[in-house]
Amino acid sequence: MNDVSLAAALLRGLMVFCCIFIGSSAWAAECPPGSYTQRTVTGGIGCVIQPSRTDPAIQDAGSNSKGYGYHVVGIPADPTQIQGVYVHFMGSGARPYDQTTGGYSVGQILEDALARNFMFIALAYVNPETIGQLCGGDSACYGLARQEVIYGDAVSPEVSVDTANGILNRMDALVNFLEENFEPASALPAAFAGAAVDWSQVRVGGGSQGGGHAGYIGRDFLTERVCFMASPEDTVTQKDSLDDPGVIVSAAWLTEGTWKTPTASLKGIVHEDEDGYEKITTNFAALGMVQSTSETQPNNDWVKITIPVENPHTAPTTDEALSYARDWACFSGGDGSPPPQPLPVVTSFSPTSGKVGTRVTIRGSSLEGTTAVKFGGVSSTPTSVSSRSVRAVVPTGAASGPITIVTPSGSASSATNFQVLP
């Protein structure tokens, strides 16, 4: 082979190598053009999208300071690896993104979803009032109020939501926005491939009022999963006399007719110290849901949490230590994925102090799958991971405090503090 032929052969080989390399490289996640803001989170990014940007008829907030807000869309670090979509509904008065303070309210469950390569949508919707307080002991009221919030039908005197601001239109408008602006378009979940959302390929969930809305959608549409977190509480107390303490029974919408989403696709998480525990578990029973036989390795349909938490009502949605339960209830199981791993345990770390940039080795058990290491609450991406050890670098902004390991099955913190040196 002469020099010219050799050079040509080398050039062809280089071109083939480059094509293979480029074709197999990950696609870095970016928010769609027109997004309000972008934030880097563990496992990907969070995109804030103004609802009125998706449809001028949609309101971003009501007349008071409660509820609505902006949508948050979580995208895994490599969008081409998206495995499905999870739609989350906040509780009464909560905002996925608060446009007045710039604050997120969905951080932990967003990271849980991204760890499973789910596209995450926290839908901002009309939620300034607590439906339980609006309806009191009126069984029919609960269903009518939820129907108006979801569909925009003028059927409830307790709420006022038009069609444009109903959950279904807000969801459709957001999906249309993503279809027009998201790259790569081929990475969008199959649920968004048609002219309307295919709910059979969507997982829905929420806490408190939001969990009830997820359930109502699961009743009317076949969904891939309904994930109840501290919900639904829609019940009334039936009494035979004024002196009768009464019996708690489910609101009418929960038991009337046949649910499109089967019981096997309903999962729940509730803390034993939750004020509405009896109401929630009454509804679980009415839906045919069976309690898990294990708190740490959930099975069956719902799990009772007993570990101490700061707020039993919000913990099923927000507590980092319960990531394993959300992973089971919302993102794993029933799809061929492995069962949750045991909770991680941190036994020691070395060195015990260091400056920003210091490499630290954390030792313990069940550390495989670690997605983040937090130094005083500031995240660092691990540089190596095994079942018994994790290495990470002290990140900029780190503060002295416990070292926390975050895995898809939960998190664990060290008993002693790591000291950040100046």
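Mentor: Helix α3 (residues 107–115) lies across β1, β2, β3, β4 (84–89), β7 (118–123) and β9, and runs at about 155 degrees to β7. Here, contact means heavy atoms within 4.5 Å; axes are lines fitted to C-alpha atoms, for helices over the stretch in contact, and angles run from 0 to 180 degrees between N-to-C directions. Helices (H or I, at least four residues) and strands (E, at least two) are DSSP runs, numbered from the N terminus. Helix α6 also packs on the sheet, where it touches β2, β3, β4 and β7, and its direction makes about 135 degrees with that of β7.

This is a predicted model, in which local features need pLDDT of at least 70 and side-chain atom pairs count only at pLDDT 80 or more, while totals for chains, interfaces and linings use all residues. Residues are numbered from 1 along each chain as its sequence is written, and side-chain values use heavy atoms, with hydrogens and water left out.

The sheet itself is open and consists of nine strands in the order β1-β2-β3-β7-β4-β8-β9-β12-β13, with mixed pairing. Two strands pair if DSSP finds at least two bridges between them. At the edges are β1 (37–41) and β13 (302–305), each of which pairs on one side only. On average, neighbouring strands of this sheet are turned by 15 degrees against each other, direction ignored. Within the sheet, strands β2 (residues 44–49) and β3 (residues 71–76) run antiparallel and are joined by six bridges; Cys-47 stands opposite Val-73 in β3.

Let us return to α6 (residues 167–181). Among the buried residues of α6 are Ile-167, Leu-168, Met-171 and Phe-177; buried means under 20% relative accessible area, exposed over 50%, and partly exposed in between (1.4 Å probe, protein chains only).

Finally, strand β8 (residues 202–207) holds Arg-203, whose partner Glu-224 lies in the loop between α7 (209–220) and β9, 21 residues apart. The two form a salt bridge, with the closest N and O atoms 2.8 Å apart; the term requires a side-chain nitrogen of Lys or Arg within 4 Å of a carboxyl oxygen of Asp or Glu. Arg-203 counts as buried because its relative accessibility is 2%, whereas Glu-224, at 33%, is partly exposed.
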